[in-house]
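Here's a quick briefing on one helix, the pocket beside it and the charge pairs around it. Have a look at the model first, then read on.

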Amino acid sequence: MAAAPSDIEDLDWFHKDISRHVAEGLLMANGVDGSYLLRTSTTKPGDYSLSVRCANSVKHISITWDGREYAFGMGRFKTLRDFAEHFENKPLIGGESGVLTLLKYPYPRSVDEPPAYETVRVHAEWGRTSSDETAAAPNTAPTAIASKEGYLTKMGGHRKNWLTRWFVLVKNELRYYRARGDNEPLRSLDLQQATEVARDTTHGKTNCMRLVFPGRTFFMFAGSSQEADEWIGLLQWKLDQLRKNPMTTLQY
């Protein structure tokens, strides 16, 4: 593994050890299309990941360092500033909508960041582009980045059949609804009472997880392995925080 480049810490948009989930939360909560930040890769030590907001989602691009140059696809760059300047003028990626995105708004490291997850408010001032024009993000309401929502298929408590429900994870609660957009949940699970979250292979379902409470274990499966990992990772983080401070109500 090549030694880390000496100039990377000088980049105010290098966020080092933040996770993929936190990067997505920061850019989706506070960014616009073209907002980007750099972080160390969580899967390939010595490499880096460029997280870019594109077409209302966040794309993660692997950048390798061989000790002399940065590599992205067939491109080679002496410095990451050269990389960013190149893709300020040449579209880098397209989202599912097919919209191409330029690197426009570096997300500055100087913004106060949470040590793990918490509510992130909009920051009005952003880094400067090569033309030294300061870009401002639009005003939006604070967004909790330690929340998640989406469809999971759960096993019923009595009939043991599998039904797809809309799940919302926020603060200390995991709620599930009959359908997205419903006002009242079918049930709210208090995570302060949960004892375990983990992958589960006992029911023959791919991407299945279990959430254990005294008296009942809930089984749910996601549509993909990545989606299951995201749910498990975030639930585990919340359980860890509640174990450290059992009388605390999470504010995120």
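The buried residues of helix H3 (225-244) are Ala 228, Trp 231, Ile 232, Leu 234, Leu 235, Trp 237, Lys 238, Leu 239, Gln 241 and Leu 242. Buried here means under 20% relative accessible area, with exposed over 50% and partly exposed in between (1.4 Å probe, protein chains only). Keep in mind that this is a predicted model, where local features need pLDDT of at least 70 and side-chain atom pairs count only at pLDDT 80 or more, while totals for chains, interfaces and linings use all residues. Residues are numbered from 1 along each chain as its sequence is written, and side-chain values use heavy atoms, with hydrogens and water left out.

**The chain overall**
- The protein chain comes to 3 helices and 19 strands; these are DSSP runs numbered from the N terminus (helices H or I, at least four residues; strands E, at least two).
- Of its 252 residues, 43% count as buried.
- Take the contacts (heavy atoms within 4.5 Å) between residues at least 6 apart in sequence: 45% of them join residues at least 24 apart.

**Helix H3 and its neighbours**
- The buried residues of H3 pack against helix H1 and a set of strands: S13 (148-155), S14 (162-170), S15 (173-177), S17 (196-199) and S18 (208-213).
- The 20 residues of H3 should span 28 Å at 1.5 Å a residue, and the end C-alpha atoms are 28 Å apart, which agrees. The expected span is 1.5 Å times one less than the number of residues.

**The second largest pocket**
- About 250 Å³ of space lies in this pocket, and of its 11 lining residues the closest to its centre are Ser 19, Arg 20, His 21, Asp 229 and Glu 230.
- For the method: on a 1 Å grid over the protein atoms alone, a pocket is an open set of points where a 1.4 Å probe fits, with protein on both sides within 12 Å along at least five of seven lines, and lining residues have an atom within 4 Å of a point. The volume is the space filled by probe spheres set on the points, which are joined across faces, edges and corners.
- H1 (20-30) and H3 each supply at least two lining residues, and the largest share, 5 residues, comes from H3.
- By class, the lining has 2 nonpolar, 5 polar and 4 charged residues. Ala, Val, Leu, Ile, Met, Phe, Trp, Tyr, Cys and Pro count as nonpolar, Asp, Glu, Lys and Arg as charged, and the others, Gly among them, as polar.

**Salt bridges**
- The whole structure has 10 salt bridges, each a side-chain nitrogen of Lys or Arg within 4 Å of a carboxyl oxygen of Asp or Glu.
- Lys 148 pairs with Glu 227, with the closest N and O atoms 3.3 Å apart. Lys 148 lies in S13 and Glu 227 in H3, so the bridge ties together parts that are 79 residues apart in sequence.
- Lys 148 counts as buried at 14% relative accessibility, whereas Glu 227, at 22%, counts as partly exposed.
- Glu 230 joins Lys 148 and Glu 227 in a network of salt bridges.
- Arg 199 and Asp 229 meet at 2.9 Å, N to O, linking S17 to H3 across 30 residues. Arg 199 is partly exposed at 34%, and so is Asp 229 at 44%.
- Arg 243 bridges to Asp 240 at 3.5 Å between the closest N and O atoms. Being 3 residues apart in H3, Arg 243 and Asp 240 are separated by about one helical turn.
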